[in-house]
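Hello,

Please find the structure we talked about below. My notes on it come after.

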Amino acid sequence: MQAFRYTKSTTVDAAVQAHGTYVAGGTTLIDLMKLNVETPASLVDINPLPLAKVEAQPGGGLRIGAMVRNSDLANDEQVKKHYAVLSEALLSGASPQLRNMATTGGNLLQRTRCYYFRDTSYPCNKREPGSGCSATDGYNRIHAVLGGSEHCVAVMPSDMAVAMMALEATIHTSGSQGERKIPIREFYVLPGDTPQRENTLLPGELITHVTLAPLPANTRSYYLKLRDRAQYEFALASVAAVTTMKGRRIERVRVAMGGVGTQPWYAPEVEKALEGKEATPENFHRAAEAALAHARPLKDNGFKIELAKRAIVRALHVTTETA
Amino acid sequence: MNSRETRDTLIEGNAQPSPETTPSSTAGTESSPPLFGRFSRRSFIASLSAAGVVAGASSLAAVAVAEQEKPADASEDDSAVPGAVPVTLNINGRDHHVMLEPRVVLLHALRDHLGMPGTKIGCDHGQCGACTVHVNGRRVNSCLTLAIMHQGDRITTIEGLAQNGKLHPVQQAFLDHDGFQCGYCTAGQIMSAAALLHEPIGEDDDSVRAAMSGNICRCGAYNNIVDAVQQARKQV
């Protein structure tokens with residue numbers, strides 16, 4: 001690991017003015033620093049920031065501090081009761097030890113597990129812009145079928161972010177130009193020809209908290225994660241579904257996918273195909289086909305397309321079942 | 001050495017204290033060379049560690065002197081610290097003062113700077129759980145966190161789990177159920193299981209397997225580990 005300047009900040013303003021790379025749980029950053037993939041000159045420890053609370057909002061909804069650890073958020077009573085998909089997504093991710101360390105803000109910025117990104121002996125446009133992509137013609141079983149470009153097909157691996165995408169979270173930030181609210185659908189960017197840029201954060205901007213709007217009554221949410229082993233593994237395909245029923249009809253549905261896209265993948269095709277329609281297997285299959293219609297398989301990952309479709313159908317069944 | 005003695009030395013903290021196996025508490029503390037006939041894996045490692053502390057301390061001292069000649073860094077929090085700096089870590093109920101570069105992770109601080117080799121290096125990337133310790137009562141991977149980030153925290157390692165010479169119920173359960181073969185992952189498994197006792201997980205074996213999934217055992221002692229964890233959960 002390369003040497004760096006270390007500073008600890010106790011307030012958001014001090015952290016922003018420290019002009020360094022923020023370290024919270026460190027589970028992604030320290031790992032990548034050991035691999036020399038990340039080589040920050042200055043590290044700003046934001047662990048003392050007073051952002052570790054989950055608070056109910058007046059009028060419903062939740063405010064989740066950026067420093068809330070994944071395990072605390074997953075086990076929060078309000079989250080388990082009102083946003084089950086978020087709790088399930090968090091508990092499906094990483095290991096208990098890592099969940100005790102990883103934070104809400106950090107997890108939104110989790111870096112890809114693409115093996116070529118993590119290995120400095122290979123070209124990688126995300127790590128070293130312009131050097132080329134080793135995955136497009138390489139071993140690409142874990143890579144993206146949605147959102148990729150000729151420059152990058154790396155998957156954003158967070159489960160939490162997929163749930164937050166289906167919950168239409170708002171990301172709140174603080175930076176030298178003041179505070180901003182960013183809807184999560186506008187937070188991530190496609191790799192295009194600048195895969196080193198993964199989100200719309202400005203340089204030095206700090207995520208302070210995330211807010212979740214209240215969900216309508218009769219809403220069920222669910223996270224389904226499919227992977228090579230039952231625990232402690234990244235998704236090959238995952239689905240977060242948030243569904244509101246009115247009688248036998250689907251009044252409102254939000255679906256996002258993990259493991260298949262270059263970013264937590266929101267699928268607007270599902271709501272277009274299903275809202276106002278009856279909850280039938282035929283309708284679910286039609287929605288799933290639409291959600292993956294633009295998917296493009298690489299040499300080794302074509303199976304993800306069928307896997308994701310089936311995951312969508314299953315998640316829709318679970319969230320529309322009448323008691 | 002019979003097999004039970006071998007196992008006992010694998011459960012750190014159960015070894016009989018002797019001059020050469022007592023962990024040095026501060027940088028620069030020398031331990032006496034191991035005696036023939038009492039030479040063990042632990043005493044060998046402890047002597048290597050002590051040598052490393054001495055060699056490391058002298059080079060770090062040079063860095064510290066060089067830093068003093070620079071103008072003081074005007075940081076907002078007055079904690080901008082290039083090079084090695086004094087760090088105080090509370091480990092197993094005692095404060096330890098060491099000179100550490102900020103890039104030293106907690107795992108390596110414990111093993112290489114504080115003479116506590118009970119916490120093991122496995123993958124060094126948060127994938128195997130061999131390095132599991134408790135920070136403020138919660139299990140974490142000590143390989144993925146900087147030591148300097150933990151000043152003021154309460155750190156517990158495998159060396160601090162037994163209390164007053166009595167094994168922690170999880171340590172005893174691992175002995176009772178033969179919860180290991182080679183023993184390399186055992187310290188991490190035990191630290192993980194000891195923290196799990198206070199976590200909200202289901203009562204069945206599958207819940208234990210899920211909750212222990214962050215600890216890999218390449219010998220495949222998983223069934224016995226689950227039995228050991230379940231025994232400890234009933235006792236605590």
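Predicted model: local features only at pLDDT ≥ 70, side-chain atom pairs only at ≥ 80, totals over all residues.

Residues are numbered from 1 along each chain as its sequence is written, and chains are lettered from A and ligands numbered from 1 in the order in which they are written.

Chain B gives 31 residues and chain A 28 residues to the contact between them (two residues are in contact if their C-beta atoms, placed from the backbone, lie within 7 Å). On the side of chain B that touches chain A, strand E4 (138–141) and helix H6 are the elements that give two or more residues; E4(B) gives the most, with four residues. Helices (H or I, at least four residues) and strands (E, at least two) are DSSP runs, numbered from the N terminus.

Chain B is divided into domain 1 (3–160) and domain 2 (169–235), with bounds from an automatic or database domain assignment. Their contact takes 18 residues from domain 1 and 17 residues from domain 2. On the domain 1 side, helix H1 (3–10), strand E3 (132–135) and E4 of chain B each give two or more residues, and E3(B) gives the most, with three residues.

B:Ser207 is found in helix H6 (residues 205–211) of chain B. B:Ser207 counts as partly exposed because it has 13 C-beta neighbours inside 10 Å (buried is 20 or more other C-beta atoms within 10 Å, exposed 12 or fewer, partly exposed in between). Leaving aside neighbours within four places in sequence, B:Ser207 is in contact with B:Ile201 and B:Gly202.

Regards
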